[in-house]
Amino acid sequence: MFGKNLVPVVALAALMLSASAEVTATVLTFDDLTGDLSSVPEGYGGFDWNNATQIAVIEKTFKDSSEFLKSGYVHGAVSGANTVFNWNGGRLSYIDWLGTGTFDFNGAYWTSAWEAQNLKFRGYNEGNLLYTSGLYAINTQTARWIGLNWAGIDRLEIVNDYSGKEYAHWAMDNFTLNQAFVPEPTTLALLGIGLVGIGFKRHQRA
């Protein structure tokens, strides 16, 4: 109806609409929290950190002792002063997405607080198991980046090697995820109408 003059406009509209779901990487460093063994607050970074599994924040110089200064809490604070850990040292910890839809878990840095151990991970969406990792060995002296790049999950489970250990604590920092931000449908509709209107005016001038 509008002829060739409208083709570039329609192509531009399609390009803008396809790019409307913008994916951005977010790194949670926990350095803006108080590192006094408080639980990570619900909603931090868009997650429920589940007080039932006691994921808490600790500052790397929280305790001035020779034993503590050799721990994974010190070496596990990658970006700044704070890291988070599984308070009760239990076998299973989990982190739930509170936002709409899902998130993509890129990875994080992990250390073992007191003695070497293994971690494995599971990713879920609406209760369905989507991913299971192999075992990753972590120690107290080096923060290990574990990159999983799992897309479309709403729960991340961390399972640690609890057997034979008095304290199976891990430390984690720089939790990295992707979030997709999609404009409201009304915004997209107005954008499309506006672009078509531009095409119509071009057609009238031709």
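Author: Let us begin with contacts: leaving aside residues up to four places away in sequence, Ser112 touches Gly72, Gln117, Ile138, Asn139, Thr140, His169 and Trp170, where contact means heavy atoms within 4.5 Å. This is a predicted model, in which local features need pLDDT of at least 70 and side-chain atom pairs count only at pLDDT 80 or more, while totals for chains, interfaces and linings use all residues. Residues are numbered from 1 along each chain as its sequence is written, and side-chain values use heavy atoms, with hydrogens and water left out.

Reader: Why is Ser112 called buried?

Author: Buried means under 20% relative accessible area, exposed over 50% and partly exposed in between, with a 1.4 Å probe and protein chains only. Ser112 has 1% relative accessibility, and therefore counts as buried.

Reader: What joins the side chains of Ser112 and Gln117?

Author: They are joined by a polar contact of 3.0 Å; the term asks for a pair of N or O atoms within 3.5 Å, and within protein one must be able to donate a hydrogen and the other to accept it, while residues adjacent in sequence count only if both atoms are side-chain atoms.

Reader: How do you know that β4 and strand β5 (residues 82-86) pair?

Author: Two strands pair if DSSP finds at least two bridges between them, and 5 bridges join β4 to β5, which run antiparallel. Strands (E, at least two residues) and helices (H or I, at least four) are DSSP runs, numbered from the N terminus.

Reader: What makes Val40 buried?

Author: Val40 has 2% relative accessibility, so Val40 counts as buried.
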